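This report walks through one structure, beginning with a single residue and then widening the view to the chain. Please look at the sequence and the model before reading on.

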Amino acid sequence: MSCDICRLCLSKNNLVWIFDRRIENSENMKDVIYITTGVQINMNDTVSQKICNKCCEITVRMFEFRRISLANDRRLKGQEIMSVKKGY
Ligand SMILES: [Zn+2]
């Protein structure tokens, strides 16, 4: 199995190794991919540990979207608890 393939979309273009420190948030890239896609990539995987630029961008954006959604959810629920206490 060739390692020069995107782990997520199987593209062969613009590949980056996810453990490369040059990638933005590279130390978390493995977790970002796992949280957003459910795909677990380990350093000792025999299959590709690379993803393409496009997937890199998508996962980072999905992760950001998830982070904002969770923060807003907490905010809404916090407001709800406050209004219940106030008796609205
Ligand atoms: Zn890809």
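## A buried cysteine

C52 counts as buried because 20 other C-beta atoms lie within 10 Å of its own; a residue is called buried at 20 or more such atoms, exposed at 12 or fewer, and partly exposed in between, with C-beta atoms placed from the backbone. This is a predicted model, in which local features need pLDDT of at least 70 and side-chain atom pairs count only at pLDDT 80 or more, while totals for chains, interfaces and linings use all residues. Residues are numbered from 1 along each chain as its sequence is written.

C52 is found in strand β2, residues 50-52, where strands (E, at least two residues) and helices (H or I, at least four) are DSSP runs numbered from the N terminus. Leaving aside neighbours within four places in sequence, C52 is in contact (C-beta atoms, placed from the backbone, within 7 Å) with C6, C9, S11, N13, N14 and L15.

## The recorded binding site

An unreviewed UniProt entry lists C6, C9, C52 and C55 under "binding site"; such annotations may be inferred rather than shown by experiment, and their positions follow the numbering used here, with feature names shortened. Although these residues are spread over 50 residues of sequence, they cluster in space, with a largest C-alpha distance of 8.2 Å.

C6, in the segment before β1 (15-17), is also buried, with 20 other C-beta atoms within 10 Å.

## The whole chain

The chain has two helices and two strands, which follow the pattern β-α-β-α along the sequence. Of its 88 residues, 16% count as buried, and its C-alpha atoms fill a box of roughly 65 × 20 × 20 Å along the principal axes.

Key: Contact = placed C-beta atoms within 7 Å.
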